[in-house]
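The sequence and structure are shown first.

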Amino acid sequence: MTGAAALWSPIHIGTLRLEHRLIMAAMGSGFASAEGHATDRLVRYLARRAEGGIALVTTEATAVDASGAPFPVALRADDDSMLEGLRRVAEAVHAHGVPISMQLYHAGRQMSLRVSGRQPVAPSAIPCPMVREMPRALEGEEIPALVERFAEAAARAREAGFDAIELHGSHGYLIHQFLTPLANQRTDQWGGDLAGRARFALAVVRRIRERLGHGFPLLYKLSAEDRLPGGLTLDDTLVFGRWLEEAGVDALIVSAGTYGSFQWIVQPLGWPQACLRAQAARFSETLRIPVAAVGRINDPAVAEEVVERGEAALVAMGRALLADPDLPRKARTGRREDHLRCITCNGCLAQLMKAEPIRCA
């Protein structure tokens, strides 16, 4: 099968059939309301990506609890009052015949009291190297309650009509904080060796499975490497990936980095295209579930090559769809030279860092 034929062939994520293998990567928008509700602007933004021909739309990171919403306009799914707006999002995307996934997260220590009005919490009282604000270490009884908050938010997403859930277990947010020794120095059951540090992530996966059953598609985004001294290595996360598969995850999105190695989260101009393809390939070799490659992929020809070589079964694009939401349809119909290419200037990121709505340069 040629690269083009492979990329544009159908695939299943659990019970969910995708028309092809190019999916939307979760990316902050700043379009939610000050209370975390979906707005008309957010509905239009996500529906426009569906209209452009992507196989799966993914929301930005959506907070499962107020304690993990890092800024006022963070999208939230922590209360039933959010359901009306979330239903409108799902319906608008479905109107274009495209499924939608909700990415769930808790920011943990990667938030500021000054911005959010809440003291950050974390596995251990170790500050994020970028935010540099001391978090409060979670008490033992608080941790199962947060596991339940993830499951409740997942159930809310299904009730709102979403087709899948993606757990944000990467980029140094709370689930990742439990996994990495750079943020977790607990000595109870939630810390210690890799198995202890993985306990929170696996508890979240299993509780969602208990709540939603094994038929509801569940994706998981992880950082293959922390890219920091003493942090998680690829050998660590390959073991962890097998545990996720056994716990019931249907697909894995392979990213890298934390706030301490931010350039690996949003790769800059000058870095090679698909700079994390080798990491994705290692997971593809190890796991039975589909693996998605992400990371500075803005050329459909590169996406086709990644899938053709078997490095990943799926390719996720974020900034490229902000530059041109019609990229998938143009590439699929032989108009790839017509698409407006993302130049990786990260002007979009600069907007978000100023707490302003996202836009492309």
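What covers the buried residues of α2? The cover includes β3 (22–24), β4 (57–58), α3 (83–94) and α12 (319–323). The model is predicted: local features need pLDDT of at least 70, side-chain atom pairs count only at pLDDT 80 or more, and totals for chains, interfaces and linings use all residues. Residues are numbered from 1 along each chain as its sequence is written, and side-chain values use heavy atoms, with hydrogens and water left out.

**Helix α2**

Helices (H or I, at least four residues) and strands (E, at least two) are DSSP runs, numbered from the N terminus. Helix α2 comprises 12 residues, 40–51, and reaches 16 Å from its first C-alpha to its last, close to the expected 16 Å; the expected span is 1.5 Å times one less than the number of residues. Its buried residues are Leu42, Val43, Tyr45, Leu46, Ala47, Arg49 and Ala50, where buried means under 20% relative accessible area, exposed over 50% and partly exposed in between (1.4 Å probe, protein chains only). An α-helix has 3.6 residues a turn, so residues three or four places apart point the same way. After α2 comes Gly53, with a positive phi near 100 degrees.

**Aromatic pairs**

Rings of Phe, Tyr and Trp (its six-membered ring) pair if their centres lie within 6.5 Å; planes under 30 degrees apart count as stacked, over 60 as edge-to-face and the rest as tilted.

| Pair | Centre to centre | Angle between planes | Class |
|---|---|---|---|
| Tyr259 and Phe262 | 5.5 Å | 70 degrees | edge-to-face |
| Trp264 and Trp271 | 4.7 Å | 65 degrees | edge-to-face |

Trp264 counts as buried at 15% relative accessibility, whereas Trp271, at 23%, counts as partly exposed. The charged end of Arg227 sits over the ring of Trp264, 4.0 Å from its centre; the criterion is NZ of Lys or CZ of Arg within 6 Å of the ring centre and within 35 degrees of the ring normal.

**His176**

His176 lies in helix α6 (residues 174–179) and is buried, with a relative accessible area of 1%. Its side chain makes a polar contact with the side chain of Asp226 at 2.7 Å. A polar contact is a pair of N or O atoms within 3.5 Å; within protein, one must be able to donate a hydrogen and the other to accept it, and residues adjacent in sequence count only if both atoms are side-chain atoms. Leaving aside residues up to four places away in sequence, His176 touches Gly169, Ser170, His171, Ser223, Asp226, Leu232, Gly257 and Thr258, contact meaning heavy atoms within 4.5 Å.
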